[in-house]
Amino acid sequence: MAWSFYIYYRVDPNKAGLCEPRVRELFKLVQRATGVQGRLMTKRGEANLWMEVYENVPDESKFEFEVADAAGKLRIQDFLQGGGRHVECFRDV
């Protein structure tokens, strides 16, 4: 059964230009490790609220580890404003 992951966070507006290339690198690392390609979205009317979307994740445990590991290595948290990365996981019914 495949899962979809939604990871959202607030980016410091002064660091957004530096954060985006890091997130794109995170996508590359995650895809190499899991075969799952991510995409980046921003919220309408709230440009510093970002969401990574990963769909059709076959092995959620491995995926969660790989995403957290890559985000840590790339120090994504250094670009965030308040709070951290919030992970939600859903599947089709």
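**Notebook: salt bridges, core and rings**

**Entry 1: a pair in helix α2**

I began with E66 and K62, which both sit in helix α2 at a spacing of four residues, about one turn of the helix. Helices here are DSSP runs of H or I with at least four residues, strands are runs of E with at least two, and both are numbered from the N terminus.

Before going on, I noted the ground rules. This is a predicted model, in which local features need pLDDT of at least 70 and side-chain atom pairs count only at pLDDT 80 or more, while totals for chains, interfaces and linings use all residues. Residues are numbered from 1 along each chain as its sequence is written, and side-chain values use heavy atoms, with hydrogens and water left out.

Back to the pair: E66 forms a salt bridge with K62, and the closest N and O atoms are 3.2 Å apart. I wrote down the rule, too: a salt bridge is a side-chain nitrogen of Lys or Arg within 4 Å of a carboxyl oxygen of Asp or Glu. Are the two partners buried or partly exposed? E66 is buried, with a relative accessible area of 18%, whereas K62 is partly exposed at 37%. The cut-offs, with a 1.4 Å probe and protein chains only, are under 20% relative accessible area for buried and over 50% for exposed, with partly exposed in between.

I checked the confidence next. The score is pLDDT, the predictor's confidence in each residue on a scale from 0 to 100. The protein averages 96, and 100% of the residues score at least 70. Strand β4 (residues 86–90) has the lowest confidence, at a mean of 96, and strand β2 (residues 38–43) the highest, at 98.

How many salt bridges does a search of the whole structure find? The search gives eight. As a reminder to myself, side chains of opposite charge can pair when their charged atoms come close.

I looked up R24, which forms a salt bridge with E20, the closest N and O atoms being 2.9 Å apart. Both residues belong to helix α1 and are four residues apart, about one turn of the helix. R24 is partly exposed, at 38% relative accessible area, and E20 is partly exposed too, at 35%.

I then turned to E46, whose salt bridge with K43 has its closest N and O atoms 3.6 Å apart. E46 is partly exposed at 22%, and K43 is partly exposed at 44%.

**Entry 2: the core**

I asked which residues of the largest nonpolar core have the most contacts inside it. They are Y9, V23, L26, Y54 and F63, in a core of 22 residues. Helix α1 gives the most, with five residues. A nonpolar core is defined as a set of buried Ala, Val, Leu, Ile, Met, Phe, Trp, Tyr and Cys residues joined through side-chain atoms within 4.5 Å.

I listed neighbours for two residues, taking contact to mean heavy atoms within 4.5 Å. Not counting residues up to four places away in sequence, Y9 touches V23, L40, N48, L49, W50, E52, L80, G84 and R85. S4 lies in strand β1 and is buried, at 14%. Its contacts, with neighbours within four places in sequence left aside, are Y54, E55, N56, E88, C89 and F90.

**Entry 3: aromatic rings**

Rings of Phe, Tyr and Trp (its six-membered ring) pair if their centres lie within 6.5 Å; planes under 30 degrees apart count as stacked, over 60 as edge-to-face and the rest as tilted. By this rule I get five aromatic pairs.

Y6 and F90 are edge-to-face, because their ring centres are 5.8 Å apart and their planes stand at 70°. Y6 is in strand β1 and F90 in strand β4, so this pair ties together parts 84 residues apart in sequence. Y6 is partly exposed at 23%, and so is F90, at 48%.

F27 and Y54 form another edge-to-face pair, 5.8 Å centre to centre with 80° between the planes. This pair links distant parts of the chain, with F27 in helix α1 and Y54 in strand β3, 27 residues apart. F27 is buried at 3%, and Y54 counts as buried at 0%.
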